[in-house]
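The sequence and the model are shown below.

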Amino acid sequence: MRISAKADYAVRAVVEVAAAGEGAVVPAEALARRQAVPGKFLEAILADLRRAGVLTGVRGAAGGYRLTRPAGEVSVADIVRAVDGPLVSVRGERPPDLEYAGPTTSLLPLWVALRACVRRVLETVTVAHLLDGELPDDVTALTHDPQAWENP
């Protein structure tokens, strides 16, 4: 699985907004500057997050973006889906929509299992976890495997 720059920037922007405090409005320029993200690219990402209901846009001189829900209710999966669509796809299709024949039929349950694992992690971790710097125990346990840190 590959995490796109768009998804990485989106998560970083949402965490920055959340770090400003509940109900705080953060201008797009400040988000771009704090996270060293290209401004125009970030604007498109923020628009996706607004359309998905993760952020609310506030107009005016003191305008910017704020979370639509408390940080503990916004999962990383919500953010990634907002900017990249389904968490796991194969050739742009969702695993349950695929069909394989002959000796490749076991690929379908493999892709479904991969999707389940990715969903389990990204749906469990919230923006509040990231702000607190403490991931859920089952996610943290995955990082204790030395092979998780290796580049195969």
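Is Glu123 buried, partly exposed or exposed? In this predicted model, Glu123 has a relative accessible area of 37% and is therefore partly exposed, since that class lies between the limits of 20% and 50%.

## The Arg81–Glu123 pair

Glu123 takes part in a salt bridge with Arg81, and the closest N and O atoms of the two are 2.5 Å apart.

Helix 4 spans residues 76-84, and its buried residues are Val76, Ala77, Ile79, Val80, Ala82 and Val83. Residues three or four places apart in an α-helix point the same way, because each turn holds 3.6 residues. The cover over the buried residues of helix 4 includes helix 1 (5-19), helix 3 (39-51), helix 5 (107-124) and helix 6 (127-132).

Ser75 sits in the loop that runs between strand 2 (64-67) and helix 4. Its relative accessible area is 7%, so Ser75 is classed as buried. Apart from neighbours within four places in sequence, Ser75 is in contact with Leu122, Glu123, Val125 and Thr126. Just after helix 4, Gly85 adopts a positive phi of about 85°.

## Further salt bridges

The model contains eight salt bridges. One of them joins the side chains of Asp48 and Lys6, with an N to O distance of 3.1 Å. Here too, distant parts of the chain are linked: Asp48 lies in helix 3 and Lys6 in helix 1, 42 residues apart. Asp48 has a relative accessibility of 14% and therefore counts as buried, whereas Lys6, at 24%, is partly exposed. A network of salt bridges links Lys6 and Asp48 with Arg51.

Arg91 and Glu93 form another salt bridge, their closest N and O atoms being 3.9 Å apart. Arg91 is exposed, with a relative accessible area of 61%, while Glu93 is partly exposed at 32%.

## Negative surface patch

On the surface, Asp132, Glu134, Asp137 and Asp138 gather in a patch of negative charge. Of these residues, Asp132 is located in helix 6. Its relative accessibility is 60%, so Asp132 counts as exposed.

Note on methods: Residues numbered from 1 in each chain as written. Predicted model: local features only at pLDDT ≥ 70, side-chain atom pairs only at ≥ 80, totals over all residues. Heavy atoms only, no water. Buried < 20%, exposed > 50% of the residue type's maximum accessible area, 1.4 Å probe, protein only. Helix = DSSP H or I, 4+ residues; strand = E, 2+ residues; numbered from the N terminus. Contact = heavy atoms within 4.5 Å. Patch = residues over 30% accessible without salt bridge, like charges linked within 9 Å, V, L, I, M, F, W, Y side chains within 5 Å. Areas by Shrake-Rupley, 256 points an atom, 1.4 Å probe, with all protein chains shown as cover. Salt bridge = Lys/Arg side-chain N within 4 Å of Asp/Glu carboxyl O. Lys, Arg positive; Asp, Glu negative; His and termini not counted. Charge placed at Lys NZ, Arg CZ, Asp CG, Glu CD.
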